[in-house]
Amino acid sequence: MYKKITAFAIASVMMVACTTVPITGRRQLSLVSDAEMQQQSYAAYDQFLSEHKLSRDAQATAMVKRVGQRIQRAVEQYMAANNMQQELAGFDWEFNLVQDEQVNAFAMAGGKTVVYSGILPVAQNETGLAVVMGHEIAHAIAKHGNERMSQALAQQFGGQTLSALAGAQPGAASSLIMSVYGVGSQLGMLKYGRNQESEADRLGLIFMAMAGYDPQAAVPFWKRMEAQGGGQAPPEFLSTHPSAGTRQSDLQKWMPEALQYYKGK
């Protein structure tokens, strides 16, 4: 009986605690406020930077910041034009390049973004980097971190809010927050699901196009990414992504939509 009541309670929470992803219109579970998520992600981001070396390559660092700022402006303009400014409330954008040979990148709630130097050879140029950063920024705009946190709260903690969990079990709340972005000892525990990765692919195409980068560069970039595996395990960046064939098919399907935002740039 207890299990049935708990399941019903969780289902009830999930029915009412939902938000909508911009552009795609997908409904998602949301048990965590944007303010809570941003506060925690900013702390995790500062911790990450304190433990990693920023790149000393001035040209590459400038490129990362330039691409990030162009996508930021494009997203802000789109949100303003469509009366969705509230989706960016509390954002404190930041773009950094860290010296690390991992082929990886991430963006946290509120726009805190890191690119690893190891992904730059795969990106090859600024447009290739826009594919990477557009995809990662899409995770932040779609609030996939909030969604993963909410799913974990529903599945592991009976649908508690993050603030309630932090009050009752501060250690559990801290570990959960860190694991959403793969920071600290819980590395990678809550990786994004394939549906979220596909959504970030689609939104990433649109965001890079809005910023004036040719979205058609995405297909060859992802082919280069897939080749990084060399028959072994794929890079961390691809760990939960759709298969190569599925991704390429989906990118081609979404390309006409993205090109509508790119025309005239």
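**The open sheet and its covering helix**

A: Let's begin with an open sheet in which 3 strands follow the order 3-5-4, with mixed pairing. Its edges are strand 3 and strand 4 (105-107), each of which pairs on one side only. On average, neighbouring strands here are turned by 10 degrees against each other, direction ignored. Two strands count as paired if DSSP finds at least two bridges between them; helices (H or I, at least four residues) and strands (E, at least two) are DSSP runs, numbered from the N terminus. Axes are lines fitted to C-alpha atoms, for helices over the stretch in contact, and angles run from 0 to 180 degrees between N-to-C directions.

A word on the ground rules: this is a predicted model, in which local features need pLDDT of at least 70 and side-chain atom pairs count only at pLDDT 80 or more, while totals for chains, interfaces and linings use all residues. Residues are numbered from 1 along each chain as its sequence is written, and side-chain values use heavy atoms, with hydrogens and water left out.

Back to the sheet. Strand 3 and strand 5 are joined by 5 bridges in the parallel sense, and Phe95 stands opposite Thr113 in strand 5. Across strand 3 and strand 5 lies helix 3, which runs at about 150 degrees to strand 3.

Helix 3 spans residues 58-81, and Gln72 is part of it. With 24 residues, the helix reaches 34 Å from first C-alpha to last, close to the expected 34 Å at 1.5 Å a residue (the expected span is 1.5 Å times one less than the number of residues). At its start, a side-chain oxygen of Asp57 comes within 3.2 Å of the backbone nitrogen of Gln59.

Which residues of helix 3 are buried? The list includes Ala60, Met63, Val64, Val67, Ile71, Gln72, Val75 and Tyr78. Buried means under 20% relative accessible area, exposed over 50%, and partly exposed in between (1.4 Å probe, protein chains only). Their cover includes strand 3 (94-98), strand 5 (112-116), helix 4 (120-123), helix 5 (126-141), helix 9 (194-210) and helix 11 (244-262). Gln72 counts as buried because its relative accessible area is 16%. Leaving aside residues up to four places away in sequence, Gln72 touches Trp93 and Phe95, where contact means heavy atoms within 4.5 Å.

Just after helix 3 comes Asn83, with a positive phi of about 55 degrees. Most residues other than glycine have a negative phi. Asn83 sits in the loop between helix 3 and strand 3 and is exposed, with a relative accessible area of 61%.

Helix 5, part of the cover over helix 3, deserves a look too. Of its 16 residues, 15 are buried, so helix 5 is largely enclosed by the rest of the structure. It reaches 21 Å between its first and last C-alpha, close to the 22 Å expected at 1.5 Å a residue. At its start, a side-chain oxygen of Asn125 lies within 3.2 Å of the backbone nitrogen of Thr127. Lys143, which follows helix 5, has a positive phi near 55 degrees.

Stepping back, the protein chain holds 11 helices and 5 strands, and 53% of its 265 residues count as buried.

Technical notes: Polar contact = N/O pair within 3.5 Å; in protein donor to acceptor, adjacent residues only side chain to side chain.
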